[in-house]
Amino acid sequence: MKIRLAALGLVVLGLAAGYFVYPKWGAPEWFNVPFRLGLDLKGGVHLTYRADLSKIEDSKRAEALEGLRDVVERRVNFFGVAEPLVRVERTREEDRLQVQLAGVFDAKEAIALIGETPYVEFRTAQELKLGTSTEAQVVYVPTELTGRFVERAALQFDPTAGPFVELIFNSEGARLFEELTAQNVGKSIAIYLDGAPISIPVVQEKISGGKARITGRFTTEEARTLVQRLNSGALPVPIELISQQTVEPAHGEASLRQSFFAAVVGLLFVIGFMIAWYRLPGLVAVLALGVYTAISLSVFKLIPVTFSTAGIAGFVLSIGMAVDANILIFERMKEELRKGKTLGAAIEEGFERAWTSIRDSNASSLITAVILWYFGSDAVKGFALTLGLGVAISMFSAITVTRTFLRAFHSRKQGAGGFFYASGFNLKP
């Protein structure tokens, strides 16, 4: 009785997970969690930028790129772009920033969201003699202090000068700003925004406290806009757009339909084979496979996993591996039945003997998935994630769900199992 109650509980769990995957019949609004679809299935914009690290020390370039990624991600989130994918690529030739915005189809708007992010830098004045000229010309040379050290910006008002923008640096930025002002007392420090000077104050004394002013002929609205742009993220390094690609929603929908159709057809073939070849255990495996599929998709929704065509391929492959585990178990069961053991003993012994093979093969698959996820591109990461999660859940499905269902189906009065526990063209196990 306990085994049958446990089997009933697993069926209820599978039905609940299936209802969460595909909610109908008056499900509450909070229950309708959509699947997260990638750019190739949903459509959207893919932008590639080149990052200019020529002014960054080699030891700090990785940190600057990570800062760039965080800032751009915060920028697109700030403007309401859902589920952006922002990552950096480092090669010997150049450093790139990849931005994928699923569901955004206006490339100009997407470029504006990122490109309007201001690049702030502080430059010091130096006198240079050009050619044969005896007169020195003042040029402003970039320093280490840039917008990546800005913690936040605030709009302030001066009774005489009008609105200005106050920059509050982080601890490292405050130290750099104090050193910079101490070294340039009586000289000017230019504040550049997106490559253009907007304020060139003369330093009267060393400035401590980690605050700087950006003054100019701002209107209140201009100063407020600048503050919003700075708070949404000042780029730590300049970037240049080098390519853009738009995936139309119709193309994404077609890819989704094709992927779904392929997955359903493959699943139906597997179900037909398992029932035709393994009979009652095959039917049990199909029920366990249904529970496995519902739980896996629920987990993918909750994490959430971003589905791409590669991710769907990884999930379908994990279904095949779940079936493979059941086949190992059933073959071990047949061997025990041929030895004359009762059906109950054959079920227990079959699971015990198959477990080591299932454990080792799944462990190697999980290791492979981790390696692919760690070193792979975005498409490979999606494949590796769904495959890894699917394999982990399939171990639970094969060892717990299938075993519980087989125990619940068999009766203690049964002998060697007969026709329903045979396989293929055999009439006996």
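Predicted model: local features only at pLDDT ≥ 70, side-chain atom pairs only at ≥ 80, totals over all residues.
User: Which residue takes a positive phi in the hairpin of strand 9 and strand 10?
Analyst: Two residues lie between the strands of this hairpin. The positive phi is near 55°. The residue is Asp194.

User: Why is strand 9 largely enclosed by the rest of the structure?
Analyst: Side chains in a regular strand alternate between the two faces of the sheet. In strand 9, Ile189, Ile191 and Leu193 point one way, while Ala190 and Tyr192 point the other way. Both sets are buried. Strand 9 (residues 189-193) is largely enclosed because the number of its residues that are buried is five of the five.

User: Which are the edge strands of the open sheet of three strands?
Analyst: The strand order is 7-8-11, with antiparallel pairing. An edge strand here pairs on one side only. That gives strand 7 (150-158) and strand 11 (211-214).

User: Over how many bridges do strand 7 and strand 8 pair?
Analyst: Strand 8 covers residues 162-169 and pairs with strand 7 in the antiparallel sense. Within this pair, Arg152 stands opposite Ile168 in strand 8. The bridge count is eight.

User: What angle does the direction of helix 5 make with that of strand 8?
Analyst: Helix 5 (residues 171-183) packs on the sheet. The strands it touches are strand 8 and strand 11. Its direction and that of strand 8 make an angle of about 110°.

Conventions:
Residues numbered from 1 in each chain as written. Heavy atoms only, no water. Buried < 20%, exposed > 50% of the residue type's maximum accessible area, 1.4 Å probe, protein only. Helix = DSSP H or I, 4+ residues; strand = E, 2+ residues; numbered from the N terminus. Pairing = 2+ DSSP bridges. Contact = heavy atoms within 4.5 Å. Axes fitted to C-alpha atoms, helices over the stretch in contact; angles between N-to-C directions.
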